[in-house]
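Dear colleague,

I am passing on the structure we spoke about, with notes on what turned up in it. Please look at the model before reading on.

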Amino acid sequence: MKVLFNPSRKTASLIPEWRSRLVLGFLLTSLTILISRAVYLQALNKDFLQQQGQSRHERVIKQNMQRGNIKDRNGEILAVSAPVRSIWIEPERVHATPEQIKQLAGLIGVKEAVIRQRIDSGKKFVYLRRQLPPALAEKVTELNIKGVNLKHEFYRYYPARELAAHILGFTDIDGRGQEGVELAWQDMLTGEDGKRRVIKDRIGRIVEDVEQIQSPKPGQDVILSIDSKIQYLAYRELARAVKKQHAKTGSIVALDVRTGEVLAMANYPAFNPNQRSSMNNEVIRNRVLVDTFEPGSTLKPFVVAVAMETGRITPDTLMETSGGKLKIGRAVIHDVRDKGNLTVSQVIQASSNVGAAKIALLLPPKTFWEMLNRSGFGAETGIGFPGEASGRLRAYNTWRPIEQATMSYGHGISASLMQLARAYTLFATDGELKPVTLLKRDMPAVGQKVISRETAQSVRKMLELAVQPEGTGSSARISGYRVAGKTGTAHKRFKDRKGYAKDRYISSFVGFAPASDPRVIIAIMIDEPSGGNYYGGTVAAPVFSRVMEGTLRILNIPFDGPLGNLVISPVRTELEDKG
Amino acid sequence: MIKLNIFLFVMLVICGLGIVTARYEARKLFMEQEKGQKLTEQLEIEWSQLQLEQSTLAMSARVEKIARKELGMVTPPTTENILVIHHPDYTLTPGETE
């Protein structure tokens, strides 16, 4: 390069030498300062500065994911999450005119004084109002008050209200499951919130995606085995019966025999999950699963089954029950009515305590215990419902003869209604105990073989006799179908002391239909009916009849009863395509 | 040498302008995407509200009430039902009823 600065002699002589040196020195010093500053900023302080810069326009935003819906087996929605907005403030940053506060108060329905108080609270984060409809929240943003922010949240709504409340449970305000299915399948229902880093411009619009820190996963839907039509029917009839009988509570459960699916499960009184004020600890209990009771005579078929299995009796063995009394030690077992000597079938049909006790005393305690144990008593059903009770089945080596005798008719043992209903799958199938589930299964479930086919069939026959006009459960009959079932009327235990209350009962009924090829089991329990009736046959059996009739119709199950309204189509080919 | 320099300079300018346009396009598309996402969100809100509405209207209790009270419908008794079953193995012999 050529030297650009080439002073002529003239100028050189006019300007003193030191001036140019001074300028040069000054420039060099400045340059050094600038370079060192640049090095300082670029090399040493780079990370800090870049971070500061980014924090001024980069934001990490959270993407809330919706909780999965809960649906019934036909896809009807039982629980759904609707988006809502919550309004929160950063009190330190709020700048609002009195006029704005007034408008805000009007919009969100919170008093002005309350808003002021929250602004002055000096906290970092205060909610003003939670779960507002999105349209209303939009208006709040239009007020454009600094420091007032929106948070996206979801509100859980249960369209079926109290109908399925005990099954579904509910969530808290932050969307976490607290009870029921909402709690049991919490992991599946909740999605994973996403996080992404974005660049926002001066007015808060997002202008660029920097990175996805965490990709969001929406919650999965849970499909229950419940059929909402059957559920409605069961709840309606149960509610009607509890009111009519002036009972304290009532529970009902319906099972699909082949798949072990729970088709309906209801308790009364129930609560409305959409209104927190309607809830209390008593009313939210899903009594079908979390409460146990002494099942009473509904347990009789099990002692008969095991006695038949071990060859000690046949359905026609005559049991000497005349007098209707049996003395064991100091205790006496009574029958409601003395019917003379009864065959085993008649013991079930007439629900004779003495007969059942005598059969029980034929058995070694261990054999009887094993039968009850294998029928699922004293252990959880594996349905996965939070707080499920296992019931009480004492170890056989502690049994005294009187206890063994009373256990045959369902006293001194406790079970949940679900356990009882499930145990009846033994007689509804050919001796299999089916696993129960609250989730849609659709495939026949393989159960555990407990009794032989022959025994199951003869007990089924006895249970069919029990709902004949001469049986205790005659009001459980349905026209068009053959029904089988057993009534139960148990004295309630005192809560605070030993023994049984004379005038307080639990009436129950467990049965299945159609008896020729059982498809549905329904169990009903009514606690302390006090309207005059208390027998299982008059209180619980009519509920069974109505719910079962509707259920069989809803499920399109063909008649098997003695009615002439069954036509087998001779026109085959035309129907072929339509199935 | 000069030709090459000019060529490179022109290329540089073109590339620079290209970057600017690409950047601009990216922003525009991004805005559009954001708008789309907003719309999705809004439609989702609407969808869940419609679902709610549908399930509320289709509640069995309500349907039953309307069917029974307003339309005067009844459940036919079992005796009035005739069930027609198509059974592949079944042949109807004359005179048989069931």
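Predicted model: local features only at pLDDT ≥ 70, side-chain atom pairs only at ≥ 80, totals over all residues.

**A covered helix**

Helix H14 of chain A, residues 353-361, is mostly covered, with 8 of its 9 residues buried. The buried residues of H14(A) are A:Asn353, A:Val354, A:Gly355, A:Ala356, A:Ala357, A:Lys358, A:Ile359 and A:Ala360.

**The chain as a whole**

Across chain A, 43% of the 579 residues count as buried. The secondary structure of the chain comes to 22 helices and 20 strands. For the overall dimensions, the C-alpha trace of chain A spans about 150 × 60 × 60 Å along its principal axes. The radius of gyration of chain A is 38 Å, whereas a compact globule of 579 residues would have one near 25 Å. As for contacts in chain A with a separation of 6 or more, 71% of them are between residues 24 or more positions apart.

**Two domains**

The domain assignment divides chain A into domain 1, residues 61-223, and domain 2, residues 228-554. Their centres, taken over C-alpha atoms, are 46 Å apart. In the contact between them, domain 1 of chain A takes part with 22 residues and domain 2 of chain A with 20 residues. On the domain 1 side, helix H7 (165-168) and helix H8 (180-184) of chain A each supply at least two of the touching residues. That side of domain 1 of chain A is made up of 14 nonpolar, 2 polar and 6 charged residues.

**A sheet with a helix on it**

Chain A also has an open sheet of 5 strands, in the order S10-S9-S19-S18-S17, with antiparallel pairing. Its edge strands are S10 (262-268) and S17 (484-493) of chain A, each of which pairs on one side only. From one strand to the next, the twist averages 10°.

The pairing of S17(A) with strand S18 (residues 500-513) of chain A is antiparallel and runs over 9 bridges. In one of these bridges, A:Gly488 has A:Ser508 of S18(A) as its partner. Helix H21 of chain A, residues 541-554, packs on the sheet. H21 touches S9 (249-256), S10, S17, S18 and S19 (520-527) of chain A, and its direction makes about 150° with that of S19(A).

Regards

Conventions. Residues numbered from 1 in each chain as written. Chains lettered and ligands numbered in written order. Domains from an automatic or database assignment. Contact = placed C-beta atoms within 7 Å. Helix = DSSP H or I, 4+ residues; strand = E, 2+ residues; numbered from the N terminus. Nonpolar A, V, L, I, M, F, W, Y, C, P; charged D, E, K, R; others polar. Rg over C-alpha atoms; globule rule 2.2 N^0.38 Å. Buried ≥ 20, exposed ≤ 12 C-beta atoms within 10 Å, placed from the backbone. Pairing = 2+ DSSP bridges. Axes fitted to C-alpha atoms, helices over the stretch in contact; angles between N-to-C directions.
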